[in-house]
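Hi,

Here is the structure I promised to pass on. Have a look at it first, and then read my notes below.

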Amino acid sequence: MNSWDAGLAGLLVGTMGVSLLANALVLLCLLHSADIRRQAPALFTLNLTCGNLLCTVLNMPLTLAGVVAQRQPAGDRLCRLAAFLDTFLATNSMLSMAALSIDRWVAVVFPLSYRAKMRLRDAALMVAYTWLHALAFPAAALALSWLGFHQLYASCTLCSRRPDERLRFAVFTGAFHALSFLLSFVVLCCTYLKVLKVARFHCKRIDVITMQTLVLLVDIHPSVRERCLEEQKRRRQRATKKISTFIGTFLVCFAPYVITRLVELSSSVPIGSHWGVLSKCLAYSKAASDPFVYSLLRHQYRKSCKEILNRILHRRSLHSSGLTGDSHSQNILPVSE
């Protein structure tokens with residue numbers, strides 16, 4: 001195994017470790033906090049988190065074995081199962097992110113009617129649709145025997161080895177990525193750009209009120225005025241940074257792999273095996289970044305993490321104090337006797 005393969009294997013191991021820990025922490029927060037579970041986005045987050053964990057536990061290790069061994073890492077049946085899951089989980093992840101963006105759009109654009117428009121039942125229906133949509137393409141690929149080990153990506157995924165099926169497979173691959181990656185990307189852009197427009201409108205209103213207040217308060221200290229203006233600037237940038245993160249991580253992680261899959265259909269453009277595996281690793285890295293982008297950096301999840309940590313530390317302190325008390329009593333008993 002050369003240095004490139006060793007580096008890609010190390011990248012996969014790091015991605016697996018971060019993804020496993022971060023998604024498990026999100027799952028613990030969901031189980032711990034009843035306030036988070038009562039909200040409709042919790043279903044989308046749960047769906048996304050479980051999919052990321054399945055990908056981390058089942059698909060990433062097989063790809064790691066494929067990179068190390070430079071061949072199919074398992075039997076045909078297991079590889080077809082992994083390829084089915086790979087296609088399903090990738091589509092489900094993209095559609096879950098689109099569902100989260102729709103939820104944010106409804107919450108920001110229709111704040112007064114949000115609870116009526118986005119109930120738990122509505123969220124459950126959206127999750128059911130993502131599952132049906134995500135199952136359709138791997139089921140069709142399984143029926144057409146288009147699931148197996150792909151040497152270019154060192155993973156079990158969509159592939160076709162028969163030259164006479166090249167055109168049909170190209171049409172299927174194009175339709176798959178158009179109705180998964182492209183559809184989700186369009187939904188993300190449309191919803192988050194509308195959210196950004198509303199956020200900027202509210203920021204302008206707040207800025208006008210702030211400036212009017214600063215004009216009226218003639219005796220205000222210059223440092224207070226500067227802090228107000230700095231907060232005003234941070235407020236304008238905050239929404240832009242968040243939305244850029246949502247759309248940017250989606251593109252950085254999925255676009256190289258999708259473009260490589262589409263370019264691969266053209267025999268005139270050669271693709272290096274290292275780039276193929278790297279693009280697959282970038283797609284896997286979305287499972288490691290999702291917990292931070294959509295969950296762990298939010299106030300409710302940070303609060304839940306602190307509560308879990310405090311409970312663990314409290315139990316340890318009680319356990320240690322109990323052990324100290326027992327040892328102290330054991331030391332006293334012989335003296336009393």
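**What turned up**

The link of Cys79 and Cys156 is left-handed, with -110° about the S-S bond. This pair joins distant parts of the chain: Cys79 sits in helix 4 and Cys156 in strand 2, 77 residues apart. Helices here are DSSP runs of H or I with at least four residues, strands are runs of E with at least two, and both are numbered from the N terminus.

Before going on, a word on what you are looking at: this is a predicted model, where local features need pLDDT of at least 70, side-chain atom pairs count only at pLDDT 80 or more, and totals for chains, interfaces and linings use all residues. Residues are numbered from 1 along each chain as its sequence is written, and side-chain values use heavy atoms, with hydrogens and water left out.

Back to the cysteines. A disulfide is a covalent bond between the sulfur atoms of two cysteines; the search counts a pair of cysteine sulfur atoms within 2.5 Å. In Cys79 and Cys156 the sulfur atoms are 2.1 Å apart, and the whole structure has 1 disulfide. Both Cys79 and Cys156 are buried (under 20% relative accessible area with a 1.4 Å probe, protein chains only; exposed is over 50%, partly exposed in between). Why does Cys253 count as buried? Because its relative accessibility is 6%. Cys55 counts as buried too, because its value is 12%.

Next, the empty spaces. Rolling a probe the size of a water molecule over the atoms shows where empty space is left. On a 1 Å grid over the protein atoms alone, a cavity is a set of points where a 1.4 Å probe fits but cannot get out, while a pocket is an open set with protein on both sides within 12 Å along at least five of seven lines; lining residues have an atom within 4 Å of a point. Points are joined across faces, edges and corners, and a volume is the space filled by probe spheres set on them.

How many cavities of 30 Å³ or more are there? The search of the whole structure finds 2. The largest cavity has a volume of about 300 Å³. Its lining has 25 residues, and Asp86, Leu89, Ala90, Phe254 and Ala283 lie nearest its centre. Helix 4 gives the largest share of that lining, 7 residues. By type, the lining of the largest cavity splits into 12 nonpolar, 8 polar and 5 charged residues (Ala, Val, Leu, Ile, Met, Phe, Trp, Tyr, Cys and Pro count as nonpolar, Asp, Glu, Lys and Arg as charged, and the others, Gly among them, as polar).

The second largest cavity has a volume of about 40 Å³. Helix 1 (3-32), helix 3 and helix 9 each supply at least two residues of its lining, and the residues there include Asn23, Thr45 and Asp290.

Then there is the largest pocket, with a volume of about 710 Å³. It is lined by 25 residues, of which Arg104, Lys242, Phe246, Val293 and Arg298 are closest to its centre. Helix 8 gives the largest share of the pocket lining, 8 residues. That lining divides into 15 nonpolar, 3 polar and 7 charged residues.

One last thing to find on screen: residues 43-69 are 100% helix and 0% strand, with the end C-alpha atoms 38 Å apart.

Cheers
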